[in-house]
Amino acid sequence: MMTEITYAEVRFKNEPQPMVIPSQAPTASKEKTSPPQSNSVKLLLAALLILLLLTISFLITFIIFFQKYSKLVQEEKFTQELTHTMLECKKENSTTKGKSWSCCPKNWKPFCSNCYLFSSEKKNWTDSEKHCAGMQAHLVVVDSKEEQDFINKNVNRNYAYYLGLSDLKNGHWEWVNETPLNQNVTFWHPGEPNNDYEHCVILNLRFLRVWGWNDISCNVPQLSICEMLKIYL
Ligand code: MMA
Ligand code: CA
């Protein structure tokens, strides 16, 4: 009794021939289809990494060059700003910002961190200050007894000298650098200042031996003392 026939193998005439796949074909195709993808990802990653490294090194180089360039520009600017072409310099033991030479313009006298010029031209107070300003300096500001003593040793006893002290601007004694007069550091001659119409201060000799301050009219031509910070190179 054959009610159920099972055909194990039926071949039709037009049935397409089964593909013969070589035994190694599956592995080869695996390497050719999915690996190409991961390879290109790897390549892309490598390219990105190289690009990143290049960008970083470019940035570092740029920063280094920029720093060097701005330093150069600064130095150039500093040399251009130097009004004084003849300097007298001294090697300093303690260096300021890596600069080991402290200089004063020729004919100026050094004291502490400043340079002083004892002028030889008589001018009124305003023109005296302008003259100092034209040399990147200002009329002297006396901050201590030591500074006043240094000045006294360098002035000519036959003359008087304008200081950077006046009450022209605000009605009270003020230095040209806008610091108010410290009442603990003054060297007025006895009885000075004495006249409301005298707005500028000179240093002069009295009784042939004492140097001190006196207020006078600002339009009287006098010698003067300029002061500037030492130049560090
Ligand atoms: C006197 C004295 C000073 C004043 C001058 C003005 C010679 O000194 O009074 O205080 O400034 O005169 O010339
Ligand atoms: Ca006076």
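**Entry 1: a cysteine to start with**

Is cysteine 218 buried or exposed? I looked it up: cysteine 218 is buried, with a relative accessible area of 15%. For my own notes, buried means under 20% relative accessible area, exposed means over 50%, and partly exposed is in between, with a 1.4 Å probe and protein chains only.

Before going on, I noted that this is a predicted model, where local features need pLDDT of at least 70, side-chain atom pairs count only at pLDDT 80 or more, and totals for chains, interfaces and linings use all residues. Residues are numbered from 1 along each chain as its sequence is written, chains are lettered from A and ligands numbered from 1 in the order in which they are written, and side-chain values use heavy atoms, leaving out hydrogens and water.

**Entry 2: the disulfides**

I reminded myself that a disulfide is a covalent bond between the sulfur atoms of two cysteines. The rule I used is a pair of cysteine sulfur atoms within 2.5 Å. By this rule I get four disulfides. With the bonded cysteines numbered in sequence order, the pairing reads 1-2, 3-4, 5-8, 6-7.

**Entry 3: cysteine 89 and cysteine 103**

I found cysteine 89 joined to cysteine 103, S to S 2.1 Å. Cysteine 89 sits in strand S1 (residues 87-96) and cysteine 103 in strand S2 (residues 99-105), so this pair ties together parts 14 residues apart in sequence. The torsion about the S-S bond is about 105 degrees, so I wrote this disulfide down as right-handed. Cysteine 89 is partly exposed at 38%, while cysteine 103 is buried at 0%.

**Entry 4: cysteine 200 and cysteine 218**

Back to my opening residue. Its partner is cysteine 200, with an S to S distance of 2.0 Å. The pair links distant parts of the chain: cysteine 200 is in strand S8 (residues 200-206), cysteine 218 is in the loop between strand S9 (210-216) and S10, and they are 18 residues apart. This disulfide is right-handed because its S-S torsion is about 95 degrees. Cysteine 200 has 0% relative accessibility, so I count it as buried.

**Entry 5: cysteine 132 and cysteine 226**

The sulfur atoms are 2.0 Å apart. Cysteine 132 lies in helix H2 (residues 125-133) and cysteine 226 in strand S10 (residues 223-229), 94 residues apart. Cysteine 132 is buried at 0%, and cysteine 226 is buried at 0% too.

**Entry 6: around helix H2**

I stayed on H2 and found Trp125, Ser128, Glu129 and Cys132 buried. They cover an arc of only 95 degrees around the axis (taken from the directions from the helix axis to the C-beta atoms), so they lie on the same side of H2. The buried residues pack against strand S5 (138-139), strand S6 (161-166), S8 and S10, where contact means heavy atoms within 4.5 Å. Asparagine 124 caps the N-terminal end of H2, with a side-chain oxygen 3.2 Å from the backbone nitrogen of threonine 126.

**Entry 7: serine 70**

Last stop: serine 70, in helix H1 (residues 25-81). Serine 70 is partly exposed at 29%. Its side chain reaches the backbone oxygen of glutamine 67 at 3.1 Å.

Conventions. Helix = DSSP H or I, 4+ residues; strand = E, 2+ residues; numbered from the N terminus. Polar contact = N/O pair within 3.5 Å; in protein donor to acceptor, adjacent residues only side chain to side chain.
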